[in-house]
Amino acid sequence: MPKSIWILIIATAINITGASFLWPLNAVIMTQVLGQTLTASGFVLMINAGAGVIGSLIGGRLFDKLGAFRTILIGATTSASASILLAFFFETYVLYGLFLACMGFGSGMMAPSMYALAGSLWPEGGRRPFNAIYVAQNVGVSLGTALIGVVTLVRLTDVFIANAAVHVFMLGFIAFFFRKWDGQLGRTADATLRVSQKVPFKKHYRLQALILICGAFLISWIGYTQWQANVSVHIQDLGIALPLYSLLWTINGLMIVFAQPLIALIIRKFHLTIKGQMTTGIIIFALSYLVLTQASVFTMFLVAMLILTIGEMFVWPAVPTIANQLAPKGKEGSYQGIVNSISTGGRMIGPLLGGLIVDFYSIEWLFLLISGLLLLSIPLVRMYDRPLQKEEKAQQSAS
């Protein structure tokens, strides 16, 4: 891989490490430190995710207009400033929620720019730069969650100081290493782009294709978030200890980091296109939720997690790769912004939707519904390139 991709990988891992200090402890902080309810805790996470959606859309547009360095620097500065303020002023529910929302907005701005930058720095890499960013994210999650026990040895609220320190380090890393990309990537004043913005939606064939993919991506994320929300409660209701639930995520992170050669071998051996890669992943996703319907002991949850992890290793890197392939010149950031906002939106509505289904029906019905929706999303993947065929015919007619 080019040296520039390694720089991007390190920056991504640092960024996600900082974020991973807070999200596992949010409910504990809200209830034990701020004296709030679990409902209030969930609301704060929803606001954080909503701010991330807005940040992703704005960040993607800014990448196309201002370039990679400036956009990522603005996002990093926003997150670092909010994290510093949070370290000193976390005593009230309103301030805690406000600073968490600002951090979500800043992180949202950076995410699509990171993916768009990966595609710009290594265009001949195909899916590999996006796979590298995906692995870096999981390294950050594993590192951040592993360090929580050390950071909170003295006081639980020391996690705010650690979070701020990582974000400030991230800001310095970006200012030093990303400066050479100022104005070189993701910035265009192309006249044809300005003209294309006046074209009606029915002729935006590439955007139509992206929306089809994003439909399947949203369903995948709604299902995935059930593991972070309702499955954790279900496991405890069955009498399985919470450390065993944490072990599942440790295994998930280790697999993502170390099983990449196996996934790459499968893709090469079976000559999977990017469409075939995503289709395979969604089918595997659906299988994991069918296993969950029969899970009552830890070993069955472990099997379901192993299957889920294999599925996500096929799906998650595929979507930003497709977005990069679909994006017209000068719109790479906007397309990655749409993709990142969809994943954040899935994280925002998934726990609430799943909770309602569990409350009114049962968790088994939730797992069956997720499996069914995943299988129904496969046609969206299989026909996402239909609009591209229309684009090709239109170009042939015009010539």
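Which residues make the nonpolar surface patch of about 1200 Å²? In this predicted model, the patch is made by Phe 43, Met 46, Ile 47, Leu 287, Leu 290, Leu 352, Leu 356, Phe 360, Tyr 361, Trp 365 and Leu 368. The points below take up this patch, then the nonpolar cores, the salt bridges and a few individual residues.

**Nonpolar surface patch**

- At least two residues of the patch come from each of helix 3 (38-66), helix 13, helix 16 (332-360) and helix 17 (363-382).
- Ile 47, one of the patch residues, has its place in helix 3 and is partly exposed, with a relative accessible area of 35%.

**Nonpolar cores**

- The largest nonpolar core has 60 residues, and those with the most contacts inside it are Trp 227, Met 278, Tyr 289 and Leu 292; helix 9 (residues 205-228) gives the most to this core, with 10 residues.
- When neighbours within four places in sequence are left aside, Trp 227 is in contact with Ser 232, Tyr 245, Leu 248, Trp 249, Tyr 289, Leu 292, Phe 301, Ala 304, Met 305 and Leu 308.
- A second, separate core has 50 residues, among them Leu 100, Trp 122, Phe 160 and Phe 178.

**Salt bridges**

- The count of salt bridges comes to three. In general terms, side chains of opposite charge can pair when their charged atoms come close.
- Asp 158 pairs with Arg 155, their closest N and O atoms being 2.7 Å apart; Asp 158 is buried at a relative accessible area of 16%, whereas Arg 155 is partly exposed at 47%.
- Arg 206 forms a salt bridge with Glu 391, with the closest N and O atoms 3.3 Å apart. Because Arg 206 lies in helix 9 and Glu 391 in helix 18 (residues 386-398), this pair ties together parts that are 185 residues apart in sequence.
- Within that pair, Arg 206 is partly exposed, with a relative accessible area of 26%, while Glu 391 is buried, with a value of 15%.
- Lys 275 forms a salt bridge with Asp 385, the closest N and O atoms being 3.0 Å apart. Since Lys 275 lies in helix 13 and Asp 385 in the loop between helix 17 and helix 18, the pair ties together parts that are 110 residues apart in sequence; Lys 275 itself is buried, with a relative accessible area of 16%.

- Thr 12, in helix 1 (residues 3-22), counts as buried at 5% relative accessibility, and, not counting residues up to four places away in sequence, Thr 12 touches Met 114, Ile 133, Ala 136 and Gln 137.
- The C-alpha atoms of Thr 12 and Gln 137 are separated by 6.1 Å, although the two are 125 residues apart along the chain.
- In helix 2 (residues 26-33) the buried residues are Asn 26, Ile 29 and Met 30; they cover an arc of only 95° around the axis, which puts them on the same side of helix 2.
- His 234, found in helix 10 (residues 230-237), is buried, with a relative accessible area of 10%; leaving aside neighbours within four places in sequence, His 234 is in contact with Ala 295, Phe 301, Ile 363, Glu 364 and Phe 367.

**Positive phi angles**

- Gly 35, which follows helix 2, has a positive phi near 70°.
- His 271 has a positive phi of about 50° although it is not a glycine; His 271 is found in the loop between helix 12 (260-269) and helix 13 (274-292), and is exposed, with a relative accessible area of 70%.

Terms used. Residues are numbered from 1 along each chain as its sequence is written. This is a predicted model: local features need pLDDT of at least 70, side-chain atom pairs count only at pLDDT 80 or more; totals for chains, interfaces and linings use all residues. Side-chain values use heavy atoms; hydrogens and water are left out. Helices (H or I, at least four residues) and strands (E, at least two) are DSSP runs, numbered from the N terminus. Buried means under 20% relative accessible area, exposed over 50%, partly exposed in between (1.4 Å probe, protein chains only). A nonpolar core is a set of buried Ala, Val, Leu, Ile, Met, Phe, Trp, Tyr and Cys residues joined through side-chain atoms within 4.5 Å. Contact means heavy atoms within 4.5 Å. Patches are made of residues with over 30% relative accessible area and no salt bridge: like charges are joined within 9 Å, nonpolar side chains (Val, Leu, Ile, Met, Phe, Trp, Tyr) within 5 Å. Accessible areas come from the Shrake-Rupley method with a 1.4 Å probe; for residues, only the protein chains shown count as cover. A salt bridge is a side-chain nitrogen of Lys or Arg within 4 Å of a carboxyl oxygen of Asp or Glu. The arc is that of the directions from the helix axis to the C-beta atoms.
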